[in-house]
Structures are given as C-alpha cells and as structure tokens.
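Subject: Structure handover

Hello,

Here is the structure I promised to pass on. Please open it first, then read my notes beside it.

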Amino acid sequence: MASAFPYRLYLVISEEACQGRNFLEVAEAAVQGGVDLIQLREKNDTTEAFLKKALQLKEVLQPYNVPLIINDNLEVAQKSAAAGIHVGNSDIAPTKIRTAWESCRILGYSIEYLEQLYNEQTYTSDYLGISPVFDTATKTDTITTWGLDGIEKIRASTQKSLVAIGHMKASNVKKVIEAGADCIAVVSAICAAKNPKSAAKELRLEIEKGLKSR
Ligand code: TZP
Ligand code: MG
C-alpha cells in the first residue's frame, strides 16, 4: 500500500550510465539532492563484480539511510544484504523471491502489460514499475509505452505503490505524479546531468508540485 512506500525520487544507476564519472560520487550527490531510493542495475557484470559495486554503494548510502535495491540478481541482493530487489516480467518471479529471501523488504516488479496487474506476482510485490511511461533510449526492449493515460488506468486498477520510469525529466514529472504515480525513477536525468545534485533537487521540486496539485 502507498503508505508503506514513502519514496518519491528513485535513482536507477549503473557505472555505464554515469559516462566515465565515479558512480559512487554520482549516487552520493543525487542523495544530497533529494533521491531517497537507489537501484543498482548492472546488466553486464559478473556476479562478483556486481556484488563488489553493491557493497561499495551500500556503504555510501548507509549514513543517509537510503535503501539499496538490486536489479534482477537475487544472489547479489542477498549477499549484499540489500533492502530489496527489482525484477521484470521475464526475470525470477516475485513469488519465488518471497520464498527464497524472507527478509526482502522492498520487492519491485515491472508492469509491461495490463494483464500482469491481476496475477499473483503483482499481488506479492511492494511496488509496481510502470515501464516505460515514455520511450527512452536508455532501454529499448520494451513492450508497452504507457503514457499518462496508462498511468491513470493502472492507478484506477490497483492500490499498489506505483513507480514511473522511462524518459522522466523535470519537465514532465509533475504531470506523471498528477496522473497517479507515487514515485519517479530516473537514469539519465541524474546520471547524465552535469550536476547530479541540482538535477535531483529540480526533479524533487517538480514531484512536490505534482503531489500538491492532485
Ligand atoms: N526500465 C524501463 S525504462 C528504463 C528502465 C530501466 C530506463 C529509464 O531510463 P531514463 O534514462 O531515465 O529514460
Ligand atoms: Mg529484467
């Protein structure tokens, strides 16, 4: 339920997305600017390399009390004692994660088509990723581009916390929140920004405006 998920600005980070900058520094600046949840998403790393980054990032986040979510790797999530895991529809099923990892605090599941809303995977998840809201060059192997009307449709069908992802920018997040998203997830709006801290601040401000006007 929305009350159990207080997060508003969610950074999905990878070393590659930071374009040569130190991803730990980008993450810390983003948190200082208002990011309150972070996912480490390393699609091409070995489990060993992924785990090493997860442990480093966790240490950076700890003083800020910002939870770490691991993308689609249960071993890394458990070994790093992360707060949670995020999976897509073709990844390890949320019901299996619940059985294998009882202490998982935040389980995220991407909604790629409407029928998923009515399955047990959605039921057992803590938040749903609306993936993607708009087309984005950061991830092109997507199924449904939801748009604002898609968010409204999903909002009307579930009480779950909704995380909007895909081409989220300071110029559109207010509308996305007004349409019913609870939280905004970004890659490039922060990782590729000249100043990640001020980029996060600006996004956060727009999110607050959206929350006030709905
Ligand atoms: N899942 C759906 S869209 C996306 C992911 C990981 C990428 C979002 O990247 P950006 O740069 O914020 O559009
Ligand atoms: Mg996946």
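One term to start: two residues are in contact if their C-beta atoms, placed from the backbone, lie within 7 Å. Lys 58 shows how this works. Leaving aside neighbours within four places in sequence, Lys 58 is in contact with Leu 68, Ser 80 and Ala 82.

Now the ground rules. This is a predicted model: local features need pLDDT of at least 70, side-chain atom pairs count only at pLDDT 80 or more, and totals for chains, interfaces and linings use all residues. Residues are numbered from 1 along each chain as its sequence is written, while chains are lettered from A and ligands numbered from 1 in the order in which they are written.

**Lys 58**

Lys 58 sits in helix α2. Helices (H or I, at least four residues) and strands (E, at least two) are DSSP runs, numbered from the N terminus. Is Lys 58 exposed, partly exposed or buried? It counts as partly exposed, because it has 19 C-beta neighbours inside 10 Å. The cut-offs: a residue is buried if 20 or more other C-beta atoms lie within 10 Å of its own, exposed if 12 or fewer, and partly exposed in between. Lys 58 and Ile 85 are 27 residues apart along the chain, and their C-alpha atoms are separated by 14 Å.

**The barrel**

Eight strands form a closed barrel with parallel pairing, in the order β1-β2-β3-β4-β5-β6-β7-β8. Neighbouring strands of this sheet are turned by 25° against each other on average, direction ignored. (Axes are lines fitted to C-alpha atoms, for helices over the stretch in contact, and angles run from 0 to 180 degrees between N-to-C directions.) Two strands pair if DSSP finds at least two bridges between them.

Strand β1 (residues 9–13) runs parallel to β2, joined by four bridges. Leu 11 has Ile 38 as its bridge partner in β2.

β2, α2 (residues 47–61) and β3 make a right-handed β-α-β unit. Next, three bridges join β3 to the parallel strand β4 (residues 84–87), where Ile 85 stands opposite Ile 70.

**Around β7**

How many of the five residues of β7 (residues 161–165) are buried? Five. Ser 161, Val 163 and Ile 165 point one way, Leu 162 and Ala 164 the other. Val 163 is the bridge partner of Gly 129, and Cys 183 in β8 is the bridge partner of Val 163.

**Helix α9**

Helix α9 has 18 residues (196–213) and should span 26 Å at 1.5 Å a residue; its end C-alpha atoms are 26 Å apart, which agrees. (Expected span is 1.5 Å times one less than the number of residues.) Its buried residues include Pro 196, Leu 203 and Gly 210. Seen down the axis, the buried residues fall within an arc of 165°, so they line one face of α9. That arc is of the directions from the helix axis to the C-beta atoms. Among what covers them are β1, α1 and α7.

Best wishes

Notes:
A crossover is right-handed if, with the strands pointing away from the viewer, the path from the first strand over the helix to the second runs clockwise.
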